[in-house]
Amino acid sequence: METRAMLGFTILLLCCDSFASNAEETFDIRHHLSTVTRYHVVKEKKKNFLASPSISNQCSPIHLNLVARHGTRDPTKKWIKDMDTLSIRLKSLVKNAKERGSSLENLPPWLQNWSSPWKGKTRGGYLVLEGEDELYNLGIRIKERFPKLFSDNYHPDIYHIRASQVPRASASAVAFGMGIFSGQKEGKHRAFAVATESRANDIMLRFHDCCQNYREITKNQESVVQKLKQPVLDEIKGSLTTRYELNFTLNDLSSLWFLCKQEASLFNIIDQACGLFTNDEVNLLEWTDDTETFILRGYGNSLNYRMGVPLLEDVISSMEQAIIANKEGHAPGSYEKARLRFAHAETLVPFSCLIGLFLDESEFEKLQREETMELPPKPPQKRIWKDSEVAPFGGNNALVLHHCPSNNETKYFVQVLHNEQPMPMAGCGKADFCPFEVFKEKIASPHLKHNYNNICKGKLEQMDNESYTTKLLEMLSWFF
């Protein structure tokens, strides 16, 4: 009996070891790259791209609003310069270590002679070929999913396409348009227009650039973010220094983490810079990125998303116009079927907050009161807010307006698709198919009472910079 018990215990240990080994093997850093995550990674993680079962067969889509982030891009000019500096810095670290007599046995060979793959480039931040493919294929899939919406030949009054003036956003709009308007009735591609607004005046898609109060409060927020991140970064820096016998600084760590994300995202290289970190360290670094986005762009401060009110107003207005056209029986080709917008993470994240995504019902009540939300819990605790899912490259929200005849009564419903997945809406009882009037009154109206100019140029209503910073600093004590 005792022998049998010991045998069972041994098998249990072997199974646990096997499970732990498999868990280690299944960890894929490409799922942990925050806003540098590629769109196809999100698709692979959530493969159920089916219509919501709650939608009746009698319902038909009559209008679509899209708010999309640009596709995968190369590093910006600032980071290209930083990578050149990192190359020089790594060579200096290795040289100093050798002079100290360190063995450097654990030092990866690539690091000793690494040069930036962007060396010599003076411009950056442009859409790469993979980014074009992301938006082109997204256009094809949306057309296949909603064929009736995109059955007409292109006309700017039927399909309004808008992008920020930043080239990677307008290029994404073009790539998407090539996908969604391919193979039309004439058997050839139609030229299509992409409307843009100057960066200084684009309160629709680059509202963060135009909002004076946001720029002011962000100065204090950024210092709070650094205080939040520093204990985690200090710990990881110490581990790296011990592991590789190099005197890394926090700037070195920041640059190496950036390099890891770029190598994994752009080149599918996960055994160089990414190989420097353990899985636990990656999870913590990802959390610092996610928390920074949460504070600076997301639910961390109501101003972050309230300044997106012009965009929400435009979405609601387009739906109301579509409902009028449907009720009045306008002829096909005489009314708008889609508004397609292409911008940035700074646009997509606040808009996702405006419509209450990634919240439970109690949190949604706090959102309506415009209260400060709790920060994403630190690993190993689970969290809903992950940049890799909220705003990856090519990330998008599609709000689809449906017409549903029922008992001689016409009803309209809104479905929110986030990265092509039906999303439960806390403001609509966690349903992913919400009556338009409920969507408008419960989700949109609490925000629509605000005016952009008052929000961004008037006196801050909710709290001043000092009290807001104090509140965030109090929240930091929850983690450390």
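The largest pocket of this predicted model has a volume of about 1,400 Å³. A pocket here is an open set of points on a 1 Å grid over the protein atoms alone, where a 1.4 Å probe fits, with protein on both sides within 12 Å along at least five of seven lines. Its volume is the space filled by probe spheres set on the points.

The lining comprises 47 residues (an atom within 4 Å of a point). Thr-35, Trp-79, Glu-292, Arg-297 and Glu-346 lie nearest the centre of the pocket. By class, the lining divides into 16 nonpolar, 15 polar and 16 charged residues, with Asp, Glu, Lys and Arg counted as charged and Gly as polar. Helix 10 (279-296) is one of the helices that each supply at least two lining residues; helices are DSSP runs (H or I, at least four residues).

Glu-292 belongs to helix 10. Beyond its neighbours within four places in sequence, Glu-292 is in contact (heavy atoms within 4.5 Å) with Val-225, Lys-229 and Arg-297.

| Pair | Distance |
|---|---|
| Glu-292 and Val-224, C-alpha atoms | 9.4 Å |
| Glu-292 and Lys-229, side-chain polar contact | 2.9 Å |

Residues are numbered from 1 along each chain as its sequence is written. Local features need pLDDT of at least 70, side-chain atom pairs count only at pLDDT 80 or more, totals for chains, interfaces and linings use all residues, and side-chain values use heavy atoms, without hydrogens and water.

Conventions:
Polar contact = N/O pair within 3.5 Å; in protein donor to acceptor, adjacent residues only side chain to side chain.
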